[in-house]
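Subject: Structure for you to look at

Hi there,

Here is the structure I promised to pass on, with a few notes on what turned up in it. Please have a look and tell me what you think.

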Amino acid sequence: MQKLNIAYTCNIRQPGMEDERYGEFESPVTIAAVATALERIGADVEVIDVGKDIYHQLEKRKHQIDLVFNNAEGLEEQELREAIVPFFCEHLGIPYTGSSPKTFINKMDKATAKRIVAYEGVPTAKFQLMVPGDQLKDLAFPLMVKPYSEGTSIGISQKSKVHNEAELNAAIAAVYSQCEQAALVEEFLPGTEYTIGLIGNYVLPILEINFAHIPGHPQLRDPHVKSIENPYISHLAWTDQARNFAKLAITAHGALEARDYNRMDFRVREGQLYFLEANVIPGIHPTDADLTNMCRHVGIAHQDMVALIVDKAVKRLALRYPRFHDKTQLLEDIADSTLNKVAKAGFLTHQGRMYTLLGK
């Protein structure tokens, strides 16, 4: 069997990058774990640190790369930044894992993502985009204020929940100053938070974040809370309620046209689940990431999680790109063996596609 040539694109966190805007950059621990996982499926791996020369880095390798394993968050391009690597791969004819540039652009504009999923019937809180000086319209306090185009809780703190106009104006000014963009102001949803992940057509165990169990009783998943919350996160069993949650996540996933893997955040209000945002390039830290946590709960090791993501991408791409022929048998064997060992709780169908619930 020939080896796959995989370029692993990411933003590498360097010493001195402690600021929250580098929260999406990958640590040496993640890079080493992912590279090892890719080598395990029978690949030669080259790590590419995504910088301003990324187009030229890909162009000079376009005849050697079989697949880009993309985990890059981009640089200063705001809502375009996560689309940079997929866009260049499309232009150069290089297969890549994950969602299309269109999905990344729609997802990074949180207002647009909310409108798209709402059109398909997924509830989402009422909102308004605001810059300093704008007047609040038909929204009632308390409200949530966050950057309209950021990820990894960048620009969010416990002060992002506001109770009056003075706090609202201060929060909008902070977003505008720190992130140079409008603020997404939406109804605050007071209930428990859930995050729901998919790999291909497999729905992973749902994570429940009950803020009452976290020290300090925070109300938001800001960067500090994310750094301490893991011992207090629980997993839902596949009850009727959890299945209904999964149906909404699958609908949102399809509405945004996400591919290969995705993780979506929701909150409950009065028994109804509301969409917050999608993470179509979710974190894949070997121990701390939500997606890793979901997989670990059903016995899927981090290296097998990476293999499953690649396997879903290759199966999607194989008809278009014959270069995968005779290079993926080991990958397929690992993916099949992994899934055969995992308990299944049943199936859900959406728009003619069947989704398997992993776990019990």
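Please keep in mind that this is a predicted model. I began with a helix pair: helix 4 (residues 101-108) and helix 5 (residues 110-119) have axes that come within 5 Å and cross at roughly 105°. An angle of 65 to 115 degrees counts as roughly perpendicular, so helix 4 is roughly perpendicular to helix 5. On the helix 4 side, the residues in contact are Asn106, Lys107 and Met108, and they meet Lys110, Thr112, Ala113 and Ile116 of helix 5. By residue type, this contact has three nonpolar, two polar and two charged members.

Next, the space inside. How many cavities of 30 Å³ or more are there? The count comes to one, and the space in this largest cavity is about 330 Å³. Its lining is made up of 24 residues, and those nearest the centre are Met144, Lys146, Ile156, Leu276 and Glu277. Strand 5 (143-147), strand 7 (183-187), strand 12 (261-269) and strand 13 (272-279) are the elements that each give two or more residues to the lining.

Two further points about that lining may interest you. Its residues divide into 12 charged, eight nonpolar and four polar. At least three lining residues come from domain 2 (126-187), and at least three from domain 3 (192-300 + 342-358).

I would be glad to hear your thoughts once you have had a look.

Best wishes

Conventions. Residues numbered from 1 in each chain as written. Predicted model: local features only at pLDDT ≥ 70, side-chain atom pairs only at ≥ 80, totals over all residues. Heavy atoms only, no water. Axes fitted to C-alpha atoms, helices over the stretch in contact; angles between N-to-C directions. Helix = DSSP H or I, 4+ residues; strand = E, 2+ residues; numbered from the N terminus. Parallel < 35°, antiparallel > 145°, perpendicular 65-115°, else oblique. Contact = heavy atoms within 4.5 Å. Nonpolar A, V, L, I, M, F, W, Y, C, P; charged D, E, K, R; others polar. 1 Å grid on protein atoms, 1.4 Å probe; cavity = no way out; pocket = protein on both sides within 12 Å on 5 of 7 lines; lining within 4 Å. Points joined across faces, edges and corners; volume = space filled by probe spheres on them. Domains from an automatic or database assignment.
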